[in-house]
Number of protein chains: 2
Amino acid sequence: MTDLRYDVIGIGNAIVDIIGRCDEAFLAEVGVAKGSMRLVDADEIKKIYSSMGPAIETSGGSAANTIAGVASFGGRAAFIGTVADDEFGRIFSHDIRSVGVAFNVPSVSNGTPTSRSLILVTPDGERTMNTYLGISTNLIEAQLDLEMIQASSILYLEGYLFDQPQAKAAFRAALQTAKTAGRKTALTLSDGFCVDRHRDEFLALIRAGVDILFANESEIKSLYQTESFDFAAEKARSDTKLAVLTRSAKGSEIHFEGETIRIGTFPVSEVVDTTGAGDLYAAGFLFGYANGLHLETAGRLASLAASEIISHTGARPAVSLQELARQHGLIS
Amino acid sequence: MTDLRYDVIGIGNAIVDIIGRCDEAFLAEVGVAKGSMRLVDADEIKKIYSSMGPAIETSGGSAANTIAGVASFGGRAAFIGTVADDEFGRIFSHDIRSVGVAFNVPSVSNGTPTSRSLILVTPDGERTMNTYLGISTNLIEAQLDLEMIQASSILYLEGYLFDQPQAKAAFRAALQTAKTAGRKTALTLSDGFCVDRHRDEFLALIRAGVDILFANESEIKSLYQTESFDFAAEKARSDTKLAVLTRSAKGSEIHFEGETIRIGTFPVSEVVDTTGAGDLYAAGFLFGYANGLHLETAGRLASLAASEIISHTGARPAVSLQELARQHGLIS
């Protein structure tokens, strides 16, 4: 049996975020639903970029943010995703490796650029994303390092991958590999509209046995096509062993074997940018879970990481989450 | 005579900043003097990047930051600098145009990349820069839009341009054009080590009649090869009509026709990143000066802009400086 070398391995889109501020009117003008992630093509992203204000660039990607967060907690982490041999590919690769994440997928040189997301942040701190997938659509089964997956306690997958037909086979192969090796599997639903696009496949996957399901309120309600969070949570409880549901300022709930653990939020002086809130929540939870901490402690680590990430621009931790967690007495 | 269309036109290196955090030991390892700007070649910047931590990318460049600041105050601004036809060139062009700056220099496609600076920020917020000039060394006299210079109340030049022999001719041609058109000329000394490299040429230029000289304490002391700020200020007073000297936390001094106006600093809750402090100080002063405000008001606008920029990462304003100045009752 393969030795465990990683706490968590994530598979997702390797994205560089281009983050700018805008008002609500601009979102309407662009025609994107506030708080959502929308896929755009090369022409559309160019058009939005040319009309938006100044921006900063920073590594992103949902599962990639989570994995960088696990590493920031001191966890052993690995990432699988595809970058092009270009400037953004070098930025993404540098940023994730420099925090200690194992990232070995060779970059691709076929003229398609590295994925990017134009993230529009409104004055309330809410982020709205326009993502051009670019080379991320290149994620194929052949790129998976199965040995790395076998060597990871938890395999973490982002639901966004379902927007790429080619990536689905890789997604399923990764799940199968982890299960066969006796590892835990985790899935985040990523986005309410994404759930809407792939509801049946998500449900089938979850019922076939994803060990840990992450979803926010709009995603879990979309999954079960209900307006009631409690009803959706009830359904999630019956479909999964461990459902971790986040509700923004209302905190989060961990549903495990009939038990519900409620986790509060950590105070934040100003919500600057919500980009990565769910990703970093997952980071804290997965780090705690992989290290055998109590579910409530894992939930508090999750909540702490989310509070750090929304207090500044960008979805990668600005401070060491390990030190932050120590300061809060959550880890020693 | 050409109509005045711009308050300020700046000429400088068009740079994308790559900003990361590090400790003092890392600076020693890299071998760079804290607080300075050092020129590095393509191999060296690659080496430093591969050993530094995660970073964010944001448009920079000293004069470019100043010009973006003038625009943020509501001033009419233009910029001349060279970018390559690459990802960083598109980022730089987007960011400066999106704040309303006229920037029309065509990008260059000769394989040399857009300039970049690896900026290392220590825990005290001080920034240390490792700049790879790339395509910026391409700034030549032929690229100057002389009509734009004639149409600007003030021509603002960064001293960093003196590190490029080819750019010096453009620098002098721009000065001559502005003077002939009866415009004001302004120069920032940029960096103590830069002054050391080009002291005699800077002195000759200043004595030949630069209208406004900007320098910080280390730069003005380097210019006059003295350890005494007061002695250096005395010399600057005799060499220039208007010398604007900044002293970080000690505030700044405006020396004009024998008079000295002292400007205090605005309170900052935390000095996050000093990158751009001098650049934004110059922005506030130039905006005020070009709009005929009292020198003390110009100095306070300068100080306000500097306080905004050091309170967050990156050298471009995170808020509208016009609104900020209104909130402080400095402009109506």
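Guide: A polar contact is a pair of N or O atoms within 3.5 Å; within protein, one must be able to donate a hydrogen and the other to accept it. This is a predicted model, and between chain B and chain A there are 9 residue pairs in polar contact, both residues at pLDDT 80 or more.

Visitor: Which elements of chain B give two or more residues to the side that touches chain A?

Guide: They are helix 2 (42–51), strand 4 (55–59) and helix 4 (87–98) of chain B. Helix 4 of chain B gives the largest share, 7 residues. By type, the residues on that side of chain B are 8 nonpolar, 5 polar and 5 charged.

Visitor: How many salt bridges are there between chain B and chain A?

Guide: The count is 2. In one salt bridge, the side chain of Glu87(A) meets that of Arg116(B), at 3.0 Å from N to O.

Visitor: How is the size of an interface often given?

Guide: It is often given as the accessible area lost when the parts come together. Here chain B and chain A bury about 1600 Å² between them, with 54% of it on carbon and sulfur atoms. In chain B, the residues that lose the most area to chain A are Glu57(B), Glu87(B) and His94(B), together 34% of what that side buries. Counted by contact, 18 residues of chain B touch 18 residues of chain A.

Visitor: In what sense do strand 4 of chain A and strand 4 of chain B pair?

Guide: The two strands pair in the antiparallel sense, over 3 bridges. Glu57(A) has Glu57(B), in strand 4 of chain B, as its bridge partner.

Terms used: Residues numbered from 1 in each chain as written. Chains lettered and ligands numbered in written order. Predicted model: local features only at pLDDT ≥ 70, side-chain atom pairs only at ≥ 80, totals over all residues. Heavy atoms only, no water. Contact = heavy atoms within 4.5 Å. Buried area = accessible area lost by both parts, 1.4 Å probe. Salt bridge = Lys/Arg side-chain N within 4 Å of Asp/Glu carboxyl O. Polar contact = N/O pair within 3.5 Å; in protein donor to acceptor, adjacent residues only side chain to side chain. Helix = DSSP H or I, 4+ residues; strand = E, 2+ residues; numbered from the N terminus. Nonpolar A, V, L, I, M, F, W, Y, C, P; charged D, E, K, R; others polar. Pairing = 2+ DSSP bridges.
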